[in-house]
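Subject: Structure handover

Hello,

Here is the structure you will be working with. Please open it and keep it beside this email as you read.

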Amino acid sequence: MESSLSPIRSLRGHTGWVGEVFSKNRNQLKVISTSFDETVRIWDVETGEQEHSLEGHTSLTLGLAVSMDGRRIVSGARDGRIITWDADTKEIIRCLSHHTDDVNCIQFSLDEKRFTFASSDGTLKIWDTETEELVFDIDDYQDKVWTVAYSPNGSKIASGSYYDQAVRIWNAATGKQQTQPVSHGDAVRSIVWSPDSRRLISACNWHHHDECRVALIRVPSVQHHELHRSGNEFVSCLYTSIADGSFIEAVSTLRFSFSLLYTSLGRATGWN
């Protein structure tokens with residue numbers, strides 16, 4: 001099926017690869033991006049113009065998260081440094097330097113009392129956003145932790161690893177592993193939860209192989225099966241829920257952009 005999607009804006013200004021993009025709507029829709037040029041940039045979607053360049057990192061920027069009210073931006077870098085920015089003043093609120101390698105993914109808990117960092121140093125670190133204390137330091141990986149996601153009910157954290165090629169599910173209250181790891185046989189690039197917190201969608205690919213896969217995992221049984229296989233490399237996937245429980249999965253790649261439409265669990269009814 002040929003895609004009918006077309007870009008409405010091109011945002012130009014970064015001088016290196018774009019790492020992660022996040023959109024947030026307060027008074028206006030903004031796009032926030034990290035990049036190999038060591039900056040975090042804020043863009044106006046209506047005009048396509050860059051509004052600000054946040055400069056404080058000294059290595060390429062990767063992971064990115066924005067608070068629900070849009071007032072805090074958190075960015076992670078290759079050197080393990082994490083910076084929390086005031087989105088209004090563009091000033092640095094705090095810096096954390098407890099990782100020893102890339103900070104690949106950042107997630108706030110739903111109540112925003114904690115945030116979780118996934119790093120190439122093989123750890124997940126969970127911090128209290130108010131006291132700045134380390135709550136859990138989870139080190140149960142052979143190598144890079146690539147992605148992390150809180151379940152919508154806030155009770156679970158899912159993480160995906162690179163060379164270990166597995167999805168793990170953790171108890172958000174205790175930091176303990178809740179199920180056996182789910183092995184994919186490919187590097188796990190991205191994870192998203194269903195609205196009822198009972199299913200996971202994972203996108204994975206091996207860095208040197210021109211193939212990617214989308215899998216569905218049921219929780220807590222961790223039964224899983226493949227939904228789709230493609231010859232394009234995944235970079236990320238986005239998820240949106242519809243009221244009746246069906247969902248749309250949009251996946252971007254290094255070469256193409258396309259979307260998935262699922263109207264029943266485990267069956268793809270549309271692929272662009």
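Accessible areas come from the Shrake-Rupley method with a 1.4 Å probe, and for residues only the protein chains shown count as cover. On that basis, the protein has an accessible surface of about 13100 Å². Carbon and sulfur atoms hold 47% of that surface.

Two ground rules. This is a predicted model, where local features need pLDDT of at least 70, side-chain atom pairs count only at pLDDT 80 or more, and totals for chains, interfaces and linings use all residues. Residues are numbered from 1 along each chain as its sequence is written, and side-chain values use heavy atoms, with hydrogens and water left out.

**Confidence**

pLDDT is the predictor's confidence in each residue, from 0 to 100. The mean for the protein is 78. Of its residues, 76% reach 70 or more. Take care with residues 238-272, where pLDDT stays under 50. The model still has 86 contacts there beyond four places in sequence (a contact means heavy atoms within 4.5 Å). Where pLDDT is low, the predicted coordinates should not be read in detail.

**Overall make-up**

How many helices and strands does the protein have? It has zero helices and 24 strands. Both are DSSP runs, numbered from the N terminus: helices are H or I with at least four residues, strands are E with at least two. Buried residues make up 49% of the 272 residues. Buried means under 20% relative accessible area, exposed means over 50%, and partly exposed lies in between (1.4 Å probe, protein chains only). Now take contacts between residues at least 6 apart in sequence: 35% of them join residues at least 24 apart.

Strands of a sheet pair through backbone hydrogen bonds, either parallel or antiparallel. Here, two strands pair if DSSP finds at least two bridges between them. Start with β2, residues 29-35. Six of its seven residues are buried. Five bridges join β2 to β3 (residues 40-44), and the two run antiparallel. Ile-32 stands opposite Ile-42 in β3. Four residues lie between the strands of this hairpin. In the turn, Glu-38 has a positive phi of about 75°.

β7 covers residues 82-86, and four of its five residues are buried. It pairs with β6 (residues 72-77) over five bridges, in the antiparallel sense. Ser-75 has Ile-83 in β7 as its bridge partner. Four residues separate β6 and β7 in their hairpin, and Gly-80 in the turn has a positive phi of about 85°.

β7 also pairs with β8 (residues 92-96), again antiparallel, over four bridges. Thr-84 is bridged to Arg-94 in β8. This hairpin has five residues between its strands, and Lys-90 in the turn has a positive phi of about 70°.

**The β13-β16 sheet**

Four strands form an open, antiparallel sheet in the order β13-β14-β15-β16. Why is one side of β13 and of β16 left without a neighbour in the sheet? β13 (145-150) and β16 (182-183) stand at the edges, each with a single partner strand, so one side of each has no neighbour there. Five bridges join β14 (residues 156-161) to β15 (residues 166-171). Arg-168 in β15 is the bridge partner of Ser-159.

Is Thr-147 buried or exposed? Thr-147 has a relative accessible area of 5%, so it is buried. Leaving aside neighbours within four places in sequence, Thr-147 contacts residues including Cys-105, Ala-118, Ser-159 and Val-188.

Best wishes
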